[in-house]
Amino acid sequence: MSAAIRFNVPYVAAATEAYLHESLSSGTLCGDGPFTRRATAALSELVGGRDTLLTTSCTHALELAWLLLDLRPGDEVIMPSFTFVSTANAVALRGAVPVFVDIRPDTLNLDEQRLEAAITPQTRAICVVHYGGVACAMDEICAVAERHGIAVVEDNAHGLGGSYRGRPLGTLGLMAAQSFHETKNLQCGEGGALVLHDDALKDRAEILREKGTNRSRFIRGAIDKYTWVDVGSSYLPSDLLAAVLLAGLDEFASIQARRQAVWTAYDDGLADWADSHGVRRPTVPEGSHAPAHLYQLVLPQAGQQSALIKHLAAEEIQSTFHYLPLHDSDAGRRYGRLGTPCPVTESVSASLVRLPLHPGLSSDDVARVIAAVQSYEV
Ligand SMILES: *Cc1c(COP(=O)(O)O)cnc(C)c1O
C-alpha cells in the first residue's frame, strides 16, 4: 500500500533554517527586529503596498482591528455564520454582538442579497470572509456599507494571493486580517498580520500592538523614551517567527503555483463525476482569482459527508469537514444573534468535504485522491 496522504503538511521553505540561525545569532529575538522589517516589506508587496503589521495570529489581528475601531458593548458586526470561531470571538471579546447571516450556495461567501436585512442602528461593521480565497461580492457589499456609513473588515485568512476585479484580496476594506497558521498557504506555525487601508490607522495600531506603548516610534528613533499611551496588548510576534515567515515569502510564488496545480488537477479530474452526481465543486466568479487555499466538494445529502470521509480514510487519504454553523454553537447563541435564517450554512456545513491540498502532493497522490473520490457511490 502506498503512503498515507495527509490533508495538510506545512511547507517549510528552503531558507528557514539559515534565517533562524541568522536570527538566533543576531542578538534581537523580540519583535520589530530585522526579520520583522524584511517580512513586513515582502508581505506589503502582496497586498498592493499597503501598510502591514505582523501579529501573533489572525485571531489577534482581528482583535486589534476591533480595538482600533473602538468597538463598544452593544455594537453589532455582521458576518457569515459559516466561518472560523475567531471572526466572531474577536467581536464578542469587546462586548459587541456578532450578527450571523447566511452564505451563498455557490461561493459559500456571505450572501450580499441578505446583508441589508441584518443592518440595525447598532451595526458598526461588516466582517467578510473570502471562503477558500474566493472573493466575496465586494462591490455590492461595499455599496451597502457606504449607504449605511459602516466599515468593512476582511477576515482574509484564506485569501492571500487572491484577487477581485484586479485588486488583491486584503485591500478591499478598511482593514484585513491575515493568518500564517500552519494550515494556511503561507505559514510560520502560528502568526498573522493586520493590513491597513489608511495611514491614519497605522500609528495607533502600532501602539495597541505594543502593549499600549509608543515603543515602535522609540525603535525608529522618533522619540528618546517610550511609555504607556493607550490601551493595548502584546500582539507582536518574535523576530524568530518573522524569520520563518520571510523564508516562506521568498518562495510564495512557487508555493502558490504548486497549490494551484493540485487545485486545477482536482477540478479537471472531478468535473464529470461531480456534475453527473449532483456534487458541487468550488465556484470562482468571473473576474476573481482564487489562491488555491481549499478544494471542497459539497455533496447532495448531509449523511454523505462522513461516508465520503470514511471511504477516503479506507484508502489512507485524509479529508475533512469544515465550519460548524456559528449561530448554532454554544457561544454563538450566548454572544451573537441571527441576522437572517441560515439554511444554506446549515446544509453546507453538514455536506462539505475538503480534499488534501498542500505543496508536497505529487501528481501520483493527486491521481490517487481523484480515483478514490470517483469510486465513492454518491
Ligand atoms: C485560520 C482562520 C482564522 C484564525 O487564524 P489564526 O492565525 O489561527 O488565529 C480566522 N479566520 C479564518 C477564516 C481562518 O480560516
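User: Why are helices α10 and α14 called roughly parallel to each other?

Analyst: In this predicted model, the axes of α10 (residues 252-277) and α14 (residues 363-374) cross at roughly 25° and come within 10 Å. Angles under 35 degrees count as roughly parallel, and α10 and α14 therefore receive that label. Their crossing is right-handed.

User: Which residues make the contact between α10 and α14?

Analyst: From α10 come Val262, Ala265, Tyr266, Gly269, Leu270 and Trp273, and from α14 come Val366, Val369, Ile370, Val373 and Gln374.

User: What makes up this contact of α10 with α14 by class?

Analyst: The contact has 9 nonpolar residues and 2 polar ones, with no charged residues. Gly counts as polar under the scheme used, so Gly269 of α10 belongs to the polar class.

User: What is the packing angle of α3 and α4, and what is the handedness of their crossing?

Analyst: Helix α3 (residues 58-68) packs against helix α4 (residues 85-92) at about 35°, and their axes are 9 Å apart. The crossing is right-handed. Thr59, Leu62, Glu63 and Trp66 of α3 meet Ser86, Thr87, Ala90 and Val91 of α4. By class, these residues divide into 4 nonpolar, 3 polar and 1 charged. Glu counts as charged, so Glu63 of α3 is in the charged class.

User: Which residues are closest to the ligand?

Analyst: The ligand is surrounded by 14 residues, and the closest are Thr59, Asp155, His158, Ser179 and Lys184.

Terms used
Residues are numbered from 1 along each chain as its sequence is written. This is a predicted model: local features need pLDDT of at least 70, side-chain atom pairs count only at pLDDT 80 or more; totals for chains, interfaces and linings use all residues. Side-chain values use heavy atoms; hydrogens and water are left out. Axes are lines fitted to C-alpha atoms, for helices over the stretch in contact, and angles run from 0 to 180 degrees between N-to-C directions. Helices (H or I, at least four residues) and strands (E, at least two) are DSSP runs, numbered from the N terminus. Angles under 35 degrees count as roughly parallel, over 145 as roughly antiparallel, 65 to 115 as roughly perpendicular and the rest as oblique. A crossing is left-handed if the near helix is turned anticlockwise from the far one by less than a right angle, and right-handed if clockwise. Contact means heavy atoms within 4.5 Å. A residue is near a molecule or strand if one of its heavy atoms lies within 4 Å of it.
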